[in-house]
Structure formats: structure tokens, C-alpha cells
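User: I have a model open and would like to go through parts of it with you. Can we start with one of the sheets?

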Amino acid sequence: MATPTSPAFLLLLLFHVFLFLLCSSKKGHTVSANRTTKNHFHSVPANSLLPSSVCDQSTKVFNRASSLKVVSKYGPCSVTGDPKTFPSAAEIVLQDDLRVKSLRARLSMNSSTTGVLGEKKTTIPSTRYGGYTVAVGLGTPKKDFSLIFDTGSDLTWTQCEPCLGGCFPQKDEKFDPTKSTSYKNLSCLSEPCKSIAKEGAQGCSSGTCLYRVLYGSGFTVGFLATETLTITPSDVFENFVIGCGENNGGKFSGEAGLLGLGRSSIALPSQTSSKYKNLFSYCLPASSSSTGHLSFGGEVSNAAKFTPITTKFKELYGLDVAGISVGGRKLAIDASVFRTGGTVIDSGTTLTYLPSTAYSALSSAFQEMMKKYTSTNGTSGIQPCYDFSKQANDPITIPKISIFFEGGVEVDIDVSGIMFPVNGLKEVCLAFKANRNDKDIAIFGNLHQKTYEVVYDVAKGMVGFARGGC
């Protein structure tokens with residue numbers, strides 16, 4: 001038997017001490033349900049949450065030959081508005097609310113219903129404040145126009161001369177169909193004319209197809225036509241269906257129209273499927289002072305992790321949310337909370353709208369981890385909010401937030417999208433909103449898609465996410 005001073009006893013003692021340290025070390029690297037570690041937080045200068053006044057042009061594209069530069073509708077990179085003018089938080093939230101209301105109304109429509117001019121139709125979501133623009137060519141000879149790209153709309157349209165019913169102000173010269181040799185109006189008996197009735201309303205004038213699409217805060221009325229669309233010099237599509245809007249208004253301003261990336265037969269992915277195979281992706285920049293890209297076809301990034309497009313919504317891109325984590329802590333939210341209303345990923349909604357139960361859990365966890373900062377009363381229906389004005393040049397610590405989708409896909413939201421400056425650094429708010437209840441559809445907004453390559457492989461029924469897209 002070993003004595004307290006024998007070499008065998010000392011060796012046995014050291015062995016137990018080693019085991020104790022080893023176990024303690026392993027336990028220290030395990031995050032329990034009530035603990036977080038530093039690597040589950042962002043540490044950034046407070047003033048980095050504010051937009052820069054200088055445009056930083058990004059050149060990063062994921063192996064795509066067919067790519068367009070994406071810029072925010074506002075900020076120093078804007079080509080459609082005043083680079084020094086930004087909408088207020090109240091305007092953004094109001095527009096988001098209108099868009100979300102429109103999305104819900106569209107999904108509640110009877111899909112078999114068709115519309116004719118003169119009937120009241122459900123509105124399509126507008127992209128007034130949350131929009132990103134790209135430049136595409138229309139006509140022969142080609143002229144470039146800045147359009148807001150929109151995954152929530154189908155019809156691609158531009159304002160057309162002579163604007164008999166009135167047009168909104170735009171930076172580009174308006175499209176004049178009489179100066180294009182490839183422009184052709186479509187007949188009322190054409191398939192596209194029948195299809196447009198599912199998104200808006202259609203009518204006839206001397207056998208020519210007329211359309212009307214109402215948005216959350218705007219509208220376009222005009223002729224349905226075919227025209228030559230130029231994405232790049234090598235990607236030219238003849239007989240592409242467009243709307244030639246001669247009566248357009250509402251909250252649109254600066255851009256020439258919309259580029260529809262929705263799911264119908266008249267949306268761009270379907271019309272260009274022979275070349276692009278119903279595959280497109282985009283990367284939204286971290287701020288309005290940098291640029292991203294919209295790409296078509298090509299090779300998919302190996303870094304992309306895919307989740308199925310749900311069959312719950314035929315008109316929009318629906319995804320199944322599986323959970324949320326804050327500061328490395330998975331929130332105790334039953335999966336049925338997300339399944340009840342379903343979730344839509346949208347390029348035109350700024351904030352993310354969550355079921356009320358999920359939002360409550362997220363907000364509580366976030367506030368618990370932000371206790372050391374001065375909270376404010378909130379504004380425009382956004383909470384919680386914080387005053388970082390005294391930490392302008394100091395680092396602040398923000399808990400990481402991840403959204404989990406079916407298939408084990410985790411989207412670790414970029415720090416630029418977690419919080420939303422409402423009044424400079426005096427009021428910076430969590431960029432989520434609560435739905436009225438758990439039955440309303442949730443929206444995965446564009447703030448939380450920032451810097452990811454978001455891949456829409458429509459042919460395979462999948463949406464993928466790859467980090468570091470721009």
C-alpha cells in the first residue's frame with residue numbers, strides 16, 4: 001500500500017490532479033443553456049453601425065459570368081436618388097408594414113381568381129424604401145435602365161413614353177417603344193396576357209393586352225409587350241415579356257421600374273430558364289455605402305448550404321424556420337410556432353417579421369444580454385432600442401443572432417443587420433418586428449440576408465446561403 005510520502009502515492013495524486021484539470025478544461029468549453037462565451041458576441045465600434053458617406057465598390061462575385069452590380073436605392077452608391085438622402089425609420093417601418101400586408105393579402109387570394117381592369121385586385125408588395133437596384137438593357141438599340149429587383153413580384157416593367165396617364169420622376173430617360181425595332185405589343189389572346197391576371201388585372205384595347213398591377217404604395221398601368229432584354233453583352237433575350245407602363249405612380253421615385261424575380265411564368269427566372277436553368281443569386285451589401293451583385297445561372301458556390309422551398313406558398317419563396325439562437329443560446333421555441341403561418345424570404349422587406357411568440361423569446365434574450373447599455377423607449381413600433389451616443393468611438397458588444405432553417409442550415413446574421421439605427425447612435429434598435437399573432441406569415445427580411453450569397457435554385461426547389469458573398 002502506498003504511503004503519503006511514497007513515490008507511488010505522489011504519482012497517484014498527480015494523476016488525479018491531471019484528470020481534474022482535464023475535465024475542468026473540457027467543461028469550460030461547453031456552452032450550457034444559460035451560459036454564453038465571447039465568441040458568441042460581436043465587438044464593434046458603435047459608429048460602424050452608421051452608414052458611410054463614401055461608396056466602396058465591391059468586385060466579389062461567386063464564379064458567375066452573368067452578373068449585375070447591386071446598389072441600395074439610398075446612400076452614396078445610389079444611381080436613382082440623392083446619395084445624401086435617407087428615409088426616416090418611420091417611413092421604412094410604415095413601408096415594411098404595407099409590403100407585409102400586401103404579401104399576406106396576395107397569399108390569401110384564391111389562386112384561381114383572374115382579374116380584369118376595373119375590378120378591385122389584391123395589391124402586390126411595394127419596394128419603396130427597402131429596394132436594391134440593378135441596371136439592365138431594354139430595346140434595340142439597347143438602352144440601360146435602373147430597376148428595383150424584387151423576389152416578391154413577377155412582372156418586369158418600365159415607365160414608357162408618352163406617359164399619357166402620368167409617370168413618377170426617374171433618373172434615367174424613359175423608355176420610348178417607338179424608337180426600338182424589337183418592341184411588340186401582345187394580343188389579348190396570348191398566354192402572358194392570361195398569366196398577368198394572376199398578379200394584377202388585364203384588359204383589352206383593340207385586341208392589345210393591357211395590364212394593371214397595384215402595389216402596397218404605388219401602381220403601374222400599361223401595355224403588355226415583348227422586348228429584347230440584355231443582362232450582359234453575351235446574355236441577350238429576345239421576345240422577353242415586359243410591362244410598358246404609361247400610367248405609373250405612388251411612392252415610386254428615381255428608378256425606372258421593377259425586375260420581377262418571382263415564381264410565375266412571366267417572372268424573369270422562368271423566361272430565361274433555357275439559359276440560366278431557373279437559377280439566380282444575389283448578395284446584398286453590408287451597408288448602403290457598398291455594393292453587391294445579382295447573378296444568373298453558372299456554378300453554385302460549394303460553401304452554400306441549402307434548405308427546401310416549401311410547397312405552402314405557390315406564389316412566393318417560402319422557407320421552413322427551425323429555430324433561433326441569441327448569444328449562442330438556442331431559444332426554447334416550439335417548432336409549431338414557425339410552421340403555423342410559415343415564412344417567406346423577401347428581397348424587398350427591410351426588417352424580419354416573426355411570430356409573436358418567437359419575437360417575445362428573441363427580444364427577452366437580447367435584452368438580457370444588453371443590460372449594460374442604456375435602453376430607450378423605442379420608436380415606430382421597433383423595440384428594444386439603445387442609446388450608444390456616449391460610446392460612439394468605443395467598441396460595443398452585441399450578441400450574435402442565428403436563424404436556423406430546415407436541413408440544418410444556419411444563417412449567422414451579419415453584425416450590420418442585427419441592429420437598425422433609428423436616430424443616429426441616440427437610438428439603435430433590434431431589427432425585428434412582431435407579427436400580430438403566430439398565425440400570420442413571417443418574413444425573412446433583407447437586413448438579415450446581408451453579405452450572404454443567397455442562391456435560388458428554383459429548378460431543384462432549394463434556397464441556399466453562403467457566407468462572405470460580398
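This is a predicted model: local features need pLDDT of at least 70, side-chain atom pairs count only at pLDDT 80 or more; totals for chains, interfaces and linings use all residues.

User: Which residue does Phe404 stand opposite in β24?
Analyst: Phe404 stands opposite Glu410 in β24. Residues are numbered from 1 along each chain as its sequence is written, and side-chain values use heavy atoms, with hydrogens and water left out.

User: What order do the strands of that open sheet come in?
Analyst: The four strands run in the order β17-β16-β23-β24, with antiparallel pairing. Because β17 (329-330) and β24 (409-412) each have a single partner strand, they stand at the edges, and one side of each is left without a neighbour in the sheet.

User: Which helix packs on it?
Analyst: Helix α7, residues 356-369, packs on the sheet and touches β16 (321-326), β17 and β23; touching, or contact, means heavy atoms within 4.5 Å. The direction of α7 makes about 15° with that of β16, where axes are lines fitted to C-alpha atoms, for helices over the stretch in contact, and angles run from 0 to 180 degrees between N-to-C directions.

User: New topic: which residues does the UniProt "active site" annotation cover?
Analyst: According to the unreviewed UniProt entry, that annotation covers Asp150 and Asp346; UniProt positions are given in the numbering used here, feature names are shortened, and annotations may be inferred rather than shown by experiment. They span 197 residues in sequence, yet no two of their C-alpha atoms are more than 7.9 Å apart, so they gather at one spot.

User: Is Asp150 buried or exposed?
Analyst: Asp150, in strand β4, is buried at 0% relative accessibility, where buried means under 20% relative accessible area, exposed over 50%, and partly exposed in between (1.4 Å probe, protein chains only).

User: And where does Asp346 lie?
Analyst: Asp346 lies in the loop between β18 (343-345) and β19 (352-354), and at 1% relative accessibility it also counts as buried. Residues in contact with Asp346 include Asp150, Thr151 and Gly152.

How values were computed: Two strands pair if DSSP finds at least two bridges between them. Helices (H or I, at least four residues) and strands (E, at least two) are DSSP runs, numbered from the N terminus. Lists of a residue's contacts leave out its neighbours within four places in sequence.
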